[in-house]
Amino acid sequence: MLRAVAIGTGAYLPEKIMTNHDFSKNLETSHEWIIERTGIVQRHIAAEGENTSDLATKAGLEAVKNANVAPETIDLVILATTTPDDTMPSTATKVQHRLGITKGAAFDINAACSGFVYAMNIANGLIASGQVKRALVIGAETYSRILNWEDRGTCILFGDGAAAIILEAQEESGTNADRGILFSRIHSDGQYTDLLKTTGGISSTMTAGVLTMVGKEIFRHASSKMPASVEEGLQELRLNKDEIDWLVPHQANMRILTSVAQKLKLAEEKVITTVAMHANTSAASIPLALHQASQDGRIKKGDLIACPALGAGLTWGCFLLRW
Ligand code: ACO
């Protein structure tokens, strides 16, 4: 059967770094409070004029280089983002053009912090059905543009960044020993739209609005739905928890990551975390963590990786991938 196999990753983080101490200059907050409640130390912030497409293009170029493929052989670009450059066209088509890709399809998807899991699900389906041979899947965000910088309960949580992965159709035997995506499932429940949203949008206010959140409720949903979506995959594949080599969850908050790992009874050493240095980069957080851990040699060929996420919508889901 055809599997979507990861053949390269890339990432880009804006140069400017904002520390917790920078917030305490203008807001009633402290490094100690932020560290204790979130585990976040710093975040990257896009420069003026530096847009989501710029971050995504840099991540995409690095993924192409690391995969050692010619960009024109890529026949699908999916860009997961909640912060596109413009209302139209999609940011994905801009990135496609800047990478020199002229065939296939390119589009954005918005599933907020679950965006990368949604994008991988769609890419996997198109590869498994034989419609696509090589897909570039990117998560890229400039959340700094939709934050209320006076709301200490939300602005400290997010950062900007982008990362990308190239998936290639490869013929595999159809067992759990295969490389590639072994399981992928996405969910949503719109009854929770008000828990995490922006105060405006194109059709409602003709502005982007700023992010608002009911933090405690999001925490509760994330710490139950993320582990449940990993369990769903394990059950479907008839695998045991201890067969997971790495848990690479959406990087929202260190306390959420710890809670997810505890519920799955996975050792801390198996959890890849980047939230301390990147904060929450929404759709970019899982590919940023995958890129970092594969580049530093922790994730190796043949490792089984579980990637759950939850985001606004609410949306959630998980993919299980053998590297
Ligand atoms: N500095 C200092 N005090 C703060 C700050 C801050 N940055 N932010 C909030 N506070 C205050 C509040 O005003 C409140 O004060 P009060 O008691 O006088 O009213 C007090 O701290 C406690 O506030 P809570 O909101 O109850 O704090 P909580 O322990 O829930 O932590 C947090 C808040 C960190 C947002 C937590 O709810 C959380 O992590 N939620 C998950 C949300 C998340 O990570 N979302 C990311 C997007 S969704 C996703 O990616 C899954």
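Trainee: Which residue in S12 stands opposite Leu247?

Mentor: Ala306 of S12 stands opposite Leu247. Please bear in mind that this is a predicted model.

Trainee: How many bridges join S11 to S12, and in which sense do the strands run?

Mentor: S11 and S12, the latter spanning residues 304-311, are joined by 2 bridges and run parallel.

Trainee: What sheet do they belong to, and what is the strand order?

Mentor: They belong to an open sheet of 4 strands, ordered S8-S13-S12-S11, with mixed pairing.

Trainee: Why is one side of S8 and of S11 left without a neighbour in the sheet?

Mentor: Strand S8 (180-188) and strand S11 (246-247) stand at the edges and each has a single partner strand, so one side of each lacks a neighbour in the sheet.

Trainee: Which strands does H6 touch where it packs on this sheet?

Mentor: Helix H6, residues 215-237, touches S8, S11, S12 and strand S13 (315-322). The direction of H6 makes about 145 degrees with that of S12. H9 packs on this sheet as well, touching S12 and S13, and its direction makes about 155 degrees with that of S12.

Trainee: Changing topic: what is the order of the strands in the sheet of 5?

Mentor: The order is S1-S7-S6-S4-S5, in an open sheet with mixed pairing. Its edge strands are S1 (2-12) and S5 (105-109), each of which pairs on one side only. From one strand to the next, the twist averages 20 degrees.

Trainee: How do S1 and S7 pair?

Mentor: S1 pairs with strand S7 (residues 161-171) in the antiparallel sense, over 10 bridges. As an example, Arg3 has Gln170 in S7 as its bridge partner.

Trainee: Which helices pack on that sheet?

Mentor: Helix H3 (residues 52-67) does, touching S1, strand S4 (76-80), strand S6 (134-141) and S7; the direction of H3 makes about 120 degrees with that of S1. Helix H9 (residues 285-295) packs there too, in contact with S1, S6 and S7, and its direction makes about 90 degrees with that of S1.

Trainee: Which residues of H3 are buried?

Mentor: Among them are Leu55, Ala56, Ala59, Gly60, Ala63 and Val64. The cover over the buried residues of H3 includes S1, S4, helix H4 (91-98), S6 and S7.

Trainee: What span does H3 reach, and what follows it?

Mentor: H3 has 16 residues and reaches 22 Å from its first C-alpha to its last, close to the 22 Å expected. Asn68 follows H3, and its phi is positive, near 60 degrees.

Trainee: Now the largest nonpolar core: which residues touch the most other members?

Mentor: Of its 45 residues, Phe23, Val230, Ile244, Leu247 and Leu310 do. S8, H6, helix H7 (254-263), S12 and S13 each give two or more residues to this core, and H6 gives the most, with 6.

Trainee: What does Val230 touch, leaving out residues up to four places away in sequence?

Mentor: Val230 touches Ile244, Leu247, Leu264, Ala306, Pro308 and Cys318. A second, separate core has 35 residues, including Ala111, Phe116, Val248 and Leu321.

Trainee: How many residues of each domain are in contact with the other?

Mentor: 51 residues of domain 1 are in contact with 48 residues of domain 2. The C-alpha centres of the two domains lie 14 Å apart.

Definitions and conventions. Residues are numbered from 1 along each chain as its sequence is written. This is a predicted model: local features need pLDDT of at least 70, side-chain atom pairs count only at pLDDT 80 or more; totals for chains, interfaces and linings use all residues. Side-chain values use heavy atoms; hydrogens and water are left out. Two strands pair if DSSP finds at least two bridges between them. Axes are lines fitted to C-alpha atoms, for helices over the stretch in contact, and angles run from 0 to 180 degrees between N-to-C directions. Contact means heavy atoms within 4.5 Å. The expected span of a helix is 1.5 Å times one less than its number of residues. Buried means under 20% relative accessible area, exposed over 50%, partly exposed in between (1.4 Å probe, protein chains only). A nonpolar core is a set of buried Ala, Val, Leu, Ile, Met, Phe, Trp, Tyr and Cys residues joined through side-chain atoms within 4.5 Å. Domain bounds come from an automatic or database domain assignment.
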